[in-house]
Amino acid sequence: MTRLIATLCLTTALALPLAARADEAADKIAEAKTLVSKTLIKNLQTGFGAALEKTVAAMPDQKADAVRKELNAEFDRQREVMVEGLSKEYAGKFSLTELKHLNEIYDDKTYQKFQALNADPSSSVTAISQGSVTKLLNMLAVAAAGGEGPQPGSPPAAAPSPAPAPAK
């Protein structure tokens with residue numbers, strides 16, 4: 001009987017740290033899901049929604065509705081993939097305390113105001129950023145094409161003259 005009690009005590013003592021680690025891992029995943037949902041996914045959803053509306057703006061209503069329905073359904077599927085994958089990655093890279101701290105930062109009202117300004121497509125902050133990013137992307141495209149095209153700071157090339165009319 002003493003041996004049985006000793007075995008039960010030993011088993012319980014060994015199982016407790018495993019259970020605690022399992023609980024902490026689940027807590028880390030939950031905290032990471034909250035973080036991913038209110039940061040990356042929120043920003044992605046805002047950007048996707050704006051891009052989707054730009055895309056369907058010129059379509060007839062019936063087609064626009066069908067495209068919205070299809071693309072929103074795919075966005076929902078991809079969001080779940082991202083939330084699951086990113087949450088596991090963050091849970092593996094950060095402690096529970098760190099994840100909670102990150103969530104507190106994103107809950108801060110001043111930080112939320114900052115993020116809202118950066119996410120607003122009509123803000124001057126967005127216009128400044130988009131203008132610079134567009135210019136940089138264009139330069140990269142020119143460089144990738146073998147350097148043909150205007151160089152930064154140089155005036156635009158003159159349009160070629162039309163060919164002379166054929167002689168009669």
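In this predicted model, Arg68 and Asp65 both belong to helix 2, where they stand 3 residues apart, about one turn of the helix. A salt bridge joins Arg68 to Asp65, with the closest N and O atoms 2.9 Å apart, and Glu53, Asp65 and Arg68 are together linked in a network of salt bridges.

- Glu53 is partly exposed at a relative accessible area of 38%, Arg68 is partly exposed at 23%, and Asp65 is partly exposed at 47%.

**Another pair in helix 2**
- Arg77 and Glu74 meet through their side chains in a salt bridge of 2.7 Å, N to O, and these residues, 3 apart in helix 2, are separated by about one helical turn.

**Helix 3**
- Helix 3 (residues 96–107) has 12 residues and reaches 17 Å from its first C-alpha to its last, close to the 16 Å expected.
- Its buried residues are Leu96, Leu99 and Asn103; seen down the axis of helix 3, they fall within an arc of 65°, so they line one face of the helix.
- The face turned away from this buried side carries the exposed residues Thr97 and Glu104.

**Surface patch**
- Val133, Leu137 and Leu140 make a nonpolar surface patch of about 290 Å², and Val133 lies in helix 5 (residues 124–144).

Notes
Residues are numbered from 1 along each chain as its sequence is written. This is a predicted model: local features need pLDDT of at least 70, side-chain atom pairs count only at pLDDT 80 or more; totals for chains, interfaces and linings use all residues. Side-chain values use heavy atoms; hydrogens and water are left out. Helices (H or I, at least four residues) and strands (E, at least two) are DSSP runs, numbered from the N terminus. The expected span of a helix is 1.5 Å times one less than its number of residues. Buried means under 20% relative accessible area, exposed over 50%, partly exposed in between (1.4 Å probe, protein chains only). The arc is that of the directions from the helix axis to the C-beta atoms. Patches are made of residues with over 30% relative accessible area and no salt bridge: like charges are joined within 9 Å, nonpolar side chains (Val, Leu, Ile, Met, Phe, Trp, Tyr) within 5 Å. Accessible areas come from the Shrake-Rupley method with a 1.4 Å probe; for residues, only the protein chains shown count as cover. A salt bridge is a side-chain nitrogen of Lys or Arg within 4 Å of a carboxyl oxygen of Asp or Glu.
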